[in-house]
Amino acid sequence: MEEERILKALKEGQSVCDVLEDVKMYLGPVIQKKVAKKESEKYGVFSLKVLRHCVQLLAASTDDLDDVIEMCRLAHQCTSVLSFGSTNPMLLDKLLFHVVLHTYKYQRYDDCLEFSSHLYKQLCCSRDENPDCGGEIDNIAKQSFNCAWKAAIDIEKSQAGDALTGVSVMVLEFRTSAVRFALLSTSEVSWVVEQASKAVAQFMKSMQSSHTVLHKCYKTVFDNMLEKFEHQLQRGTLGEIDIVALMRWTMKCTDCMYSVGSTKTALTWLGNHMKQIYKLCTAQPLKTSLQICSDILHASLNLALDKLPDAETISLLQSIYTAMKKYKSITPEMFQVVLQSTDLLRKVISEGLNCSDHLSKKSTEFYQEIIKLFTLCVDVHQRNKQITESRSAQQQDTNKQMLCLDLVYQLLLQQLPTKLDLYSYCLPTCHKTLDIISTVASGEGGMLAANERAQFGVHCYNLAVVLYKDRRYVDCLPLLLLSCQQIYEYCSTNDDRLDENRADKMKLRKKYELLIDCQRKTESSEDAIKTAVSAISLFGHSVKNFVVMFVKAKHDLDLSTPTLKDYLDSDCHDVYQLEYEVYKEQSYDTSVEQYSVLHGLLDIYNVSHNNKEQRAYYLLQLSKLSYQADMVSDKSANEMHECCEEAMNILEDITSESQDDKILDLLAVVYVWNYIIHQTKFMETNIIDETTTDVIDITCDIPNEIHQHRNLDKALDIWKNCKSHYVMEDTCEAMTVLSSIYKLSQREVQVIHCLQLLGKFAAAGKLYHTATMAYAEAAKFISYHGNLSHAHTLLEQSKSNLSFIYDNSVGMVELVYKISYGYYLLYSKQFSSLERLLLEIEEDSNLERSQRWAYLLKAECKELRCNYIQATGVVGETPQELEYDVMRLRQGVESLTVNMCTGNNKVEWGVDMWSVRYALLQSLYQIGYLYNIQGAYRESKCYLLQGLLISDRLALPIR
């Protein structure tokens, strides 16, 4: 018979191509559906035999692969058309399975996919028609899963690096096929969903734009799962865990469709499939949980599309929150699904905050509901961690908690500046985060990223900055404390040292500075002191800002003690030096504090210390402090003198061995202050009855003065011979005083030398204020002595330095320059120019300021006007009237200068005691002279006697 001949030809290995034509001819009636019912079995048995021979040919590695596969396709087509019984009900399933295996072996992937689909359908039929064959079906399904999954992996490996849409789609189709086989097996559905999710994730990673392909995959897997569960429901074997798996797949599909931009499709998908899932539910708690999931997903998608009104969205969120609060009554498995559904809501809001305008227009109430919902999610995840023993599950819960909190931080940071009512959620959110970090750090609940503390600290700081800008300092303070604590923990090494690179990157200094400032603003200055000390100890260097804050916090509490030495180790001498400099910069009296710090520094740099130069420097500072702050009792006067003498001896010993300009400069400063202190001691003992109206005996003569000036002359010689100069504030201060002392002694050559050196040194040190005024004053003296050319040069140098001054003091410095320029015009007899300049000076508003320098400059201006009147004879105020005004102004300033004694006194130009008294003596002499030439001898004697009293007090001889 024909069928036997064909089968014999296949068995004997005849040409497959010829046999294929015979098979087509023989099975033609079947394909054309012209076979009588009674002949169906004959053709069906023949088709199975042909398929079996084809499997044998595939196993034997035939060369006619295309023809063999076509014959398999033809034989299967006939078996699917015919309806016949078989003594071996699983024969077709097994044959198709072997065809799938062999097509995979030969890398005929398209054919493999085709026969995998045929096999899946046949296994489904066998499952329905042959319930007793469940074991064989399970075995074939599992092996088919492995085959399909391996095929997907092999394709990926062979096409690595190629972004081919066809390849990616085929990989997804193989994995979808594998998942379908897994659903037919006894594998856990949750595991199957996990594999399906991997398939989708891998496809999205390679090809993110094929919405249609993804939708097909989702639908295929969902339909197959639904089909399986409907069978289980009929048999009464459907459990909650199965519905949970189906719901997870539904949420996964919804999430993926949203991610690829098919939000509207996802919304439709969700609505249709949730109805089908509800039909599987019989228990009300399960339906309630599913409803919560559905509501959350619907809210997420509608929020992404901005379809619902604000009030309706808020109402939906409130209902979700109320339902989720009952989480303890829901089984943990189902509630995991509820929590998973919140992932999409979190993603929608997070992305909306970054790139959507409509979310920014939502009300405060909307954001409050979102914060409440995700805070609740954090609590639920915490409960899950407590009831599960799986480390991986605990880790997942921890990760989700941090994601929820990150969203809340993101929301607060973006919305808080415009919706400050949200501030009440800041601190509770931070405390929740801290609890999680502390729990994980103790070894419970998984692990956190290495920078989690840093990220938490940054969140706290950013929230605090928003509140700080709104002046909510009380609410800001705890957030700043948390920020500094957490970032410090992150930046600390295992041996409790600070990783400076991390600290700089995290800007930890800036955060501590804001914390201290906030503590002061909340009247927690005691805490501010402690924080400042901690910061100084922590950072160790470049801590001036913290020292300033420490000093200010002490001042808030009106404390002069303690100083940093009472908190820190004795080797922190750099910090103590910095503290001393900060005290000097304050506008209020810090004499006691400076005194304490200097004694502490001298304890460190004691007589046995190697750094003798540093000890000499601090001895000098202590002497100056005692003098400037008027801390002169019998004991302190001796101490002041002894300190200065010791400093001088130390520096002279050092310079006798090496000529270092820096040390020589310090020695010159000490020489000047040694003279000042000596003179002060003399003035304290040389008390004169200022009420006398008779002529007094002058106690000093010129040889004695020359002897007293020997150290001053040494100082001037040192500065003349300095090859390089280390400009210090102390140097300029000493040179300013030295020039004033030389003025009092009428040693005008030395005055000019000193002023020119001062201008040079100050300009080199960019102390342009001092340089401008020094050159101007030198020009004034030289103009008086007739060297107008040199005076003009000095005025040009003064003007050049003036051009570098940009702060508020420029008005005062410019007046000094103009007055000196006025004297140059006076002595060069340029009276018309001088008249215009005088009018300009007299109209300057700076002269009306209530400051000592303004009074002195006003006196200088009047004195210049007096000299101008005397030189030109113009009609106006009389010289006596002008000089009297000058004298009264200088007397007032002299009284203020003598009485203003604090440790923060800095020598202002022309406002030190020596300059003021020199100017006052000039006025007293000039007014006495004017009265004398008018014959008013009694008035003349009165003013000249006052000058003699001051001169004797200053140990000035008669010249």
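Over the ring of which residue does the charged end of K521 sit?

1. The ring is that of Y473, and the charged end of K521 is 5.8 Å from its centre. Note that this is a predicted model. Y473 has a relative accessibility of 19% and counts as buried, because the cut-off for buried is under 20%.

2. The whole structure contains 18 aromatic pairs. One of them joins Y120 and F181, which are edge-to-face, with 6.2 Å from centre to centre and 75° between the planes. Y120 belongs to helix α7 (residues 109-129) and F181 to helix α9 (residues 165-184), so this pair ties together parts 61 residues apart in sequence. Y120 is buried, at 5% relative accessible area, and F181 is buried too, at 1%.

3. Y473 also takes part in a ring pair with Y468. Their centres are 5.2 Å apart and their planes stand at 65°; the pair is edge-to-face because that angle is over 60 degrees.

4. Y512, F539 and F546 make up one aromatic cluster.

5. The last point concerns V751, in helix α34 (residues 748-764). V751 is buried, with a relative accessible area of 0%. Leaving aside residues up to four places away in sequence, V751 touches S739, Y742, K743 and F781. From V751 to E777 is 26 residues in sequence and 9.5 Å in space, C-alpha to C-alpha.

Conventions: Residues are numbered from 1 along each chain as its sequence is written. This is a predicted model: local features need pLDDT of at least 70, side-chain atom pairs count only at pLDDT 80 or more; totals for chains, interfaces and linings use all residues. Side-chain values use heavy atoms; hydrogens and water are left out. Helices (H or I, at least four residues) and strands (E, at least two) are DSSP runs, numbered from the N terminus. Buried means under 20% relative accessible area, exposed over 50%, partly exposed in between (1.4 Å probe, protein chains only). Contact means heavy atoms within 4.5 Å. Rings of Phe, Tyr and Trp (its six-membered ring) pair if their centres lie within 6.5 Å; planes under 30 degrees apart count as stacked, over 60 as edge-to-face and the rest as tilted. A charge sits over a ring if NZ of Lys or CZ of Arg is within 6 Å of the ring centre and within 35 degrees of the ring normal.
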